[in-house]
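Hi everyone, thanks for making time for this. I'd like to walk you through a structure I've been looking at, so let me put it up on the screen.

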Amino acid sequence: MVDLIIFSKDRAFQLYTALETINKHMSGINNIFVQFSYSNDKFHQGYKNLVNKTSCKNITFVDETEHGFHTTLLSLVAHEIKTDNIALEVDDSIYFRDIDLAKCSNSLDSNDKVGRYLYAGDYKIYGDVFKEVSSEGYALVDRTKRYTPDVINTCLTYAFNVSSAIHKAEDLKELLLSMKINNPIELEHKGAESHIFHKYDETMIHTTEVFKQIHLNNFMKRYEEVEDVEVLNNYFLENEAIDTDSIDIESMEMDMRWFNGEDIGRFPIFPWEIPPRYHLDIINNRIKI
C-alpha cells in the first residue's frame with residue numbers, strides 16, 4: 001500500500017474531479033492527504049464545501065494556512081505517512097483507467113537504482129529508448145544516458161515530480177529537512193535539482209496511460225483561460241462539478257507541439273496535458289452534485 005499526498009490551491013472545483021476519478025480508478029492506496037491553501041474566504045468556502053461532499057473515509061484534508069507549505073508538508077511526511085513510499089499528485093489530474101499503486105510501489109522497491117516511479121502520460125511518445133520494458137507494467141529508463149532531442153532528454157533524466165509519481169518517503173523527508181520550500185512548484189524544482197534524487201541512475205515509467213492533466217487555469221498564464229479560477233470556484237459553491245461520465249477524456253487528442261519542436265513560448269504544453277481547445281466543452285459539461 002502507498003500513502004498519497006495531493007496538493008491544491010484555490011481549486012476545489014478541479015480537486016473534486018481529481019478525487020472522484022482517483023477514487024474510481026486507483027487502488028493500492030493506504031491513506032490520502034489533501035494539503036490545501038486558499039487566497040481568500042471564497043476559495044476557503046470551496047474547500048469546506050468539498051470536505052462536506054467527500055464520503056471516502058481514508059481522506060484527510062490538511063489546511064496549510066496556519067503553518068505554511070513547508071512546515072505542514074514536513075509534519076505530514078515525518079508523522080502521518082505510514083508507508084515507505086509516497087505518491088504525489090496535484091489537483092488538476094483526471095484518471096480514466098485503473099492503476100494499482102501498491103504494485104507500482106513494489107516495482108520501485110525491486111530495484112535500488114530506481115528513485116522514482118512515474119505514471120504520467122503515454123510512454124511510447126519517447127520512442128525506442130528504454131533499457132527494459134518489463135512484463136510487470138513499467139519501462140526502465142537509464143538516467144545516466146543522454147537522449148535526443150533535448151526535450152526528451154529533459155523528461156527522461158528528470159529526477160523528481162510532484163504529480164503522478166511515487167518516491168521514497170525518506171528521500172522527500174531528507175529534502176524537506178535540508179532546505180525551505182514554499183510551494184509545490186518550488187518543491188519539484190528543488191527536488192529535481194537535488195543530489196538526494198539525482199543519486200538514482202534509473203527511473204520507472206508506467207506503460208499504460210492512466211490519466212491526463214487539465215490546466216483550466218494557472219498562474220503562469222500560458223494561454224488564454226476559458227474561465228478564471230474565481231468563476232470555477234463559484235460553480236463549485238453552487239454545487240456544480242464536471243460530469244466525468246459525459247466527456248471522453250481518453251479520446252481527447254493530445255497537443256504534442258512541445259515534442260514536435262514548435263516554440264510555443266513560456267512553459268511548454270506537456271504531452272499528458274489536455275490542450276486548451278477542449279477546455280470549454282469540459283467546463284460546460286457540469287452536473288449538480
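Let's start with one serine. Leaving aside neighbours within four places in sequence, Ser-105 is in contact with Val-2, Asn-85 and Ile-166. Before I go on, please keep in mind that this is a predicted model. Ser-105 lies in helix α4, which covers residues 101–109. Is Ser-105 buried or exposed? Ser-105 has a relative accessible area of 5%, and the cut-off for buried is under 20%, so Ser-105 is buried.

Now over to helix α2. This helix runs over residues 41–53, so to speak 13 residues, and spans 18 Å from its first C-alpha to its last, close to the 18 Å expected at 1.5 Å a residue. Have a look at the start of α2: a side-chain oxygen of Asn-40 comes to within 3.0 Å of the backbone nitrogen of Lys-42. Which residues of α2 are buried? They are Phe-43, His-44, Gly-46, Tyr-47, Asn-49 and Leu-50. The cover over these buried residues includes strands β1, β3 and β4, along with helices α1 and α9.

Next, the charged pairs. How many salt bridges does the structure hold? There are 11, and I'll pick out a few.

Take Arg-146 and Asp-150, a salt bridge whose closest N and O atoms are 2.5 Å apart. Arg-146 counts as exposed, at 57% relative accessibility, while Asp-150 is partly exposed at 49%.

Then there is Lys-199 with Asp-171, at 3.6 Å from N to O. This pair links distant parts of the chain, 28 residues apart: Lys-199 sits in the loop between α8 and β12, and Asp-171 in helix α6. The two partners are worth looking at one by one: Lys-199 is partly exposed, with a relative accessible area of 46%, whereas Asp-171 counts as buried at 1%.

One more pair is Glu-253 and Arg-277, with 3.8 Å between the closest N and O atoms. Glu-253 itself is exposed, at 53%. We also have a network: Arg-11, Asp-91 and Asp-92 are joined by salt bridges that share partners.

On to the pockets. The second largest pocket has a volume of about 220 Å³. Its lining is made up of 13 residues, and those nearest the centre are Lys-24, His-25, Tyr-95, Phe-96 and Thr-244. Which element gives the most to this lining? That would be α1, with 4 residues. Both α1 and β6 supply at least two residues each.

Finally, some backbone details. Thr-148 and Pro-149 are joined by a cis peptide bond, with omega about -5°. You'll find Pro-149 in the loop between β10 and α5.

Asp-10 is not a glycine, yet has a positive phi of about 60°. Asp-10 lies in the loop between β1 and α1 and counts as buried at 9% relative accessibility. Ser-164, also not a glycine, has a positive phi of about 55°. Ser-164 is in the loop between α5 and β11, and at 0% relative accessibility Ser-164 counts as buried.

That's my tour, and I'm happy to go back to any part of it.

Note on methods. Residues are numbered from 1 along each chain as its sequence is written. This is a predicted model: local features need pLDDT of at least 70, side-chain atom pairs count only at pLDDT 80 or more; totals for chains, interfaces and linings use all residues. Side-chain values use heavy atoms; hydrogens and water are left out. Buried means under 20% relative accessible area, exposed over 50%, partly exposed in between (1.4 Å probe, protein chains only). Contact means heavy atoms within 4.5 Å. The expected span of a helix is 1.5 Å times one less than its number of residues. A polar contact is a pair of N or O atoms within 3.5 Å; within protein, one must be able to donate a hydrogen and the other to accept it, and residues adjacent in sequence count only if both atoms are side-chain atoms. A salt bridge is a side-chain nitrogen of Lys or Arg within 4 Å of a carboxyl oxygen of Asp or Glu. On a 1 Å grid over the protein atoms alone, a cavity is a set of points where a 1.4 Å probe fits but cannot get out, and a pocket is an open set with protein on both sides within 12 Å along at least five of seven lines; lining residues have an atom within 4 Å of a point. Grid points are joined across faces, edges and corners, and a volume is the space filled by probe spheres set on the points.
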